[in-house]
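This report concerns one protein structure and a selection of its side-chain interactions.

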Amino acid sequence: MTSYLPAAGIRVLDLGIITAGASTSAILADLGADVIKVESASYMDPFRVWDIKAGEGRWWDVSPLYRFTNRNKRCVSLDLKHEEGRALLLALAREADLVVENFRRGVLDRLGVGPAALLEANPRLVVASVSSQGEDGPDRDAVSFGSTLDATSGLAWLTAYEDGPPTLSGRDVNFPDQVVSVFAAGAILAALGHVGETGRGGHLDLPQRELATFLVGEEIVRAARAGGDRRPRGNEGDEIYWQDCVRAADGVWIAVSVMDADSAASLDLPREPRAFGEALAGWAAERDGEAVIGHMRARGVAAAVVSDSESLGAMPLEAFGSALARSPDGGVAKGFPFQLTGTPLTVRAPAPALGEHTREVLAELLHLSDEEIDRLEREGVTSDRPA
C-alpha cells in the first residue's frame, strides 16, 4: 500500500498572517498541500519582525515565531497595492483550490481581491476567512487579538479566580488563535470535499470568537440557568472535592486533584475543603516535591509536577511525542497537534525567505518568462527585501 499525505494535490494561496491564518495553512502544508504564502515587501507577515534583532543580515527571515508557523511552505512576494500585483494574485487563484486569509474585515475588498473577486476568478475556489468576529454583526470591523478574543468569548471570565480579575491566556499562549487553526484546517478539508462532490466553491466564514465561546459553552449555559449569578472559581469545580497547586519545600509546584471526601480523609487532613487546602499547603511546604507526589499517588490521589521552562528545556525531544519535531537543519521545531501512522508528518522544509519562490511559482503556474519576472522586480511588484 502506497503511503501518502492526505492533502497532497491541494494548492493553497496563503494570505494568513501571525498565528490564526498562517498556522491554519501550516497544518495543511504539514498534511501535504502545496501552500504558497503571499506577502509583499510593504506588508510582510508581522511575525517576521517579532523576537528578532533588526539590522543583522536578512533579519526578516529568522524570527522563530515566523519559522514555527510557516514551515513546509513556498513564498511569493506580490505587492497587492499595485494593479499588476492584484492581477497576478487573481491569476494564481485560478490555479488554486483554496485561499486562506485572516486580515481585518474589508481589507481585501478595498484592494479589489476580496472573496467575491476571488470566486469570480475561480468559482471552484474555497475562500477561508479565519476572522476575529466573523463576516457580519456589530463587531465585524473591530481590531482584535488573542486578548480581546479571551475577553469577548467568555474565556477570561471562566479562568479567573474568585474575587480576582479576568485572566488572559497571554501573548505566549494566545489560546483562541492557536486552537482555531486546528478546527479551521478540518473545516477547510470538509469544504474541499464538498467542492469535489458539487464542483462549486464558496466563502467559508470561521470566526475565532464563536469557536472560543463554543469551547466554554457548558459554563455559559450554566451561567444562563443560574440567572447570571455564577462567579469564576479558579480551580474549584462542582464535581471535584478540592483542586489546586501547592508548593513543596524544594520550590516545586505540584498540581493536586482530590475527587471526594474519602480521598481527602486518606491523607489524614481536615475534611472541610477550605481547611483541607490550607493544611495540605502547609504539609507540602515541609517536604520536597518527590515525597509529596509519592505520598499522594500511594493513596490514589492525582498529583503531578507543574513543568516550568527549566524542566521542559531539559526534557528529551522524544518525551513530547509529536508536539515537537526536528527541522531539516537538525534543530527543534514546533511539531504537530496529531500524527499519522502511514506517512508520519514531518517538517520537510524550513519556513521560506521573503519572496524565495516568486520566480519559481510565477514561471511554473503562470508561465511567465525570466524577462517578465525581471520587469516585475524592477517595477516593485515583487521584491525579496522589506520596502
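The model is predicted: local features need pLDDT of at least 70 and side-chain atom pairs count only at pLDDT 80 or more, while totals for chains, interfaces and linings use all residues. Residues are numbered from 1 along each chain as its sequence is written, and side-chain values use heavy atoms, with hydrogens and water left out.

**Nonpolar cores**

A nonpolar core is a set of buried Ala, Val, Leu, Ile, Met, Phe, Trp, Tyr and Cys residues joined through side-chain atoms within 4.5 Å. Buried means under 20% relative accessible area, exposed over 50%, and partly exposed in between (1.4 Å probe, protein chains only). The largest core has 36 residues, and Leu 13, Leu 78, Leu 89 and Leu 125 have the most contacts inside it. Elements giving two or more residues to this core include strand 1 (11–15), strand 2 (34–39) and helix 3 (83–93); helices (H or I, at least four residues) and strands (E, at least two) are DSSP runs, numbered from the N terminus. Helix 3 supplies the largest share, six residues. Not counting residues up to four places away in sequence, Leu 125 touches residues including Ala 93, Leu 118 and Gly 201, where contact means heavy atoms within 4.5 Å.

**Aromatic pairs**

The whole structure contains five aromatic pairs. Rings of Phe, Tyr and Trp (its six-membered ring) pair if their centres lie within 6.5 Å; planes under 30 degrees apart count as stacked, over 60 as edge-to-face and the rest as tilted. In the pair of Tyr 241 and Phe 276 the ring centres are 5.8 Å apart and the planes are at 75°, so this pair is edge-to-face. Tyr 241 lies in the loop between helix 10 (217–225) and strand 7 (242–247), and Phe 276 in helix 12 (residues 273–284), so the pair ties together parts 35 residues apart in sequence. Phe 276 also forms an edge-to-face pair with Trp 242, at 5.6 Å centre to centre and 70° between the planes. Tyr 241, Trp 242 and Phe 276 make up one aromatic cluster. Trp 242 is buried, with a relative accessible area of 13%, and the value for Phe 276, also buried, is 0%.

**Helix 10**

In helix 10, Gly 217, Glu 219 and Ala 223 are buried. They cover an arc of only 160° around the axis, which puts them on the same side of helix 10; the arc is that of the directions from the helix axis to the C-beta atoms. Glu 218, Ala 224 and Arg 225 are exposed on the other side. The cover over the buried residues includes helix 7 (155–158) and helix 9 (208–215).

**Salt bridges**

There are 21 salt bridges in the structure, each defined as a side-chain nitrogen of Lys or Arg within 4 Å of a carboxyl oxygen of Asp or Glu. Three of them are tabulated.

| Salt bridge | Closest N to O |
|---|---|
| Arg 11 and Asp 34 | 3.5 Å |

Lys 37 and Asp 45 are both buried, as are Arg 105 and Glu 101. Salt bridges with shared partners join Arg 11, Asp 34, Arg 74, Glu 360 and Glu 364 into one network. Asp 34 counts as partly exposed, at 23% relative accessibility.
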